[in-house]
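Open the model in your viewer and keep the selection panel at hand. The stops below follow salt bridges, then a helix pair, then a sheet.

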Amino acid sequence: MPPFTFDFTLKIPNMKYVPEQEHNIARTSEGTGNNCPYPIPTVEEIIKMIDSSSYRVNKSKLISDVFECGALAISNAVDFTQYDEREQRYLEIIKTYKPDEQKLIADIFTKIFCLCSSVVYDDGCFDDYLGELFMKCNQGNKKAGQYFTPYNVSKMMAKITITDDKIDKDEILTINDCCCGGGGMLIAALDVLKNNYGVNYARNCFIDAGDIDIRCVHMTYLQLSLAGVPAIVKHQDALCRKLWSIWKTPAFIFQYHRFYKYLNLN
């Protein structure tokens, strides 16, 4: 069977190329930078946009709705089996906002899209961007003990856990996290696979993730979708095995023939 590839770069229309030295570059201790043809937003910029509207819009609702509308928009672009239901849900959310507030949601999501999708470029720098945004905006559920693992800790755990047993055989690597939060540990695993082992995760990885918090489901779905990862993210209660919804990333749907055998929707 010939190899499959999923390495592509979306063309950004009407955007002037910015020389590398002018980029707002996110860096890690190991990375050399990010070769995006546009300035990369920062988490702080996005938080500033959110805070600027806090006097007229409920902050928690705005953040949740940005994540959900973004997830719905991506899902509806590729997963037509759930289009009608999710389009109706999208319209229900948007209609609760005034026109200028709708534009704000679009502007915030544009920043999130640019930040999270920047990792697909050469020398892309990974991080749990949405998890960081979520916690810095004090959105964690303290009563439920919801505190996201710092990214450097997640990455250390990924380095300890990942071995090269399957990597040398060019086999599909499966990663599971039934309580994924914002997807930070999954992103850290991808970081290690790509930058430490040279794995093309868009071809040789499949992620099965889930969480009981729908906001976490949306965050993980956004981060994995925009990083080009074949994955399904489930809104579920892993303990009593209740399943409410399934979110399939574009990379999974585009390569369904390659990854469908790893589906476990029970």
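A salt bridge here is a side-chain nitrogen of Lys or Arg within 4 Å of a carboxyl oxygen of Asp or Glu. By this rule the count comes to eleven salt bridges. This is a predicted model, in which local features need pLDDT of at least 70 and side-chain atom pairs count only at pLDDT 80 or more, while totals for chains, interfaces and linings use all residues. Residues are numbered from 1 along each chain as its sequence is written, and side-chain values use heavy atoms, with hydrogens and water left out.

**Salt bridges**

Select Asp51 and Lys59: their side chains meet in a salt bridge, 2.9 Å from N to O. Asp51 is partly exposed at 35%, and Lys59 is partly exposed at 25%.

Go next to Arg89 and Glu92, a salt bridge with its closest N and O atoms 3.7 Å apart. Both residues lie in helix H3 (residues 83-94), three residues apart, about one turn of the helix. Helices (H or I, at least four residues) and strands (E, at least two) are DSSP runs, numbered from the N terminus. Arg89 has a relative accessible area of 35% and Glu92 one of 41%.

Now select Lys155 and Asp191, whose side chains form a salt bridge at 3.3 Å, N to O. This pair links distant parts of the chain, with Lys155 in helix H6 (residues 151-161) and Asp191 in helix H7 (residues 184-197), 36 residues apart. Are Lys155 and Asp191 buried or exposed? Both are buried.

**Helix pair**

Show helix H1 (residues 43-52) with helix H4 (residues 99-117); their axes come within 10 Å and cross at roughly 170°. Axes are lines fitted to C-alpha atoms, for helices over the stretch in contact, and angles run from 0 to 180 degrees between N-to-C directions. H1 is therefore roughly antiparallel to H4; angles under 35 degrees count as roughly parallel, over 145 as roughly antiparallel, 65 to 115 as roughly perpendicular and the rest as oblique. Contact (heavy atoms within 4.5 Å) involves residues including Ile46 and Met49 of H1 and Ile108 and Leu115 of H4.

**Sheet**

Move to the open sheet of four strands, ordered E1-E2-E3-E4 with mixed pairing. Strand E1 (173-177) and E4 stand at the edges, each with a single partner strand, so one side of each has no neighbour in the sheet. Two strands pair if DSSP finds at least two bridges between them. E1 and E2 run parallel and are joined by five bridges; Thr174 has Phe206 in E2 as its bridge partner. Five bridges also join strand E2 (residues 205-211) to E3, again in parallel, with Gly210 opposite Lys234 in E3.

Colour E3 by accessibility: seven of its seven residues are buried. Ala231, Val233, His235 and Asp237 point one way from E3, and Ile232, Lys234 and Gln236 the other way. Helix H9 (residues 214-226) lies across E2, E3 and E4, at about 175° to E3.

Finish at Arg241, in the loop between strand E3 (231-237) and strand E4 (242-248). Arg241 has a positive phi of about 60° although it is not a glycine. Most residues other than glycine have a negative phi. At 58% relative accessibility, Arg241 is exposed.

Notes:
Buried < 20%, exposed > 50% of the residue type's maximum accessible area, 1.4 Å probe, protein only.
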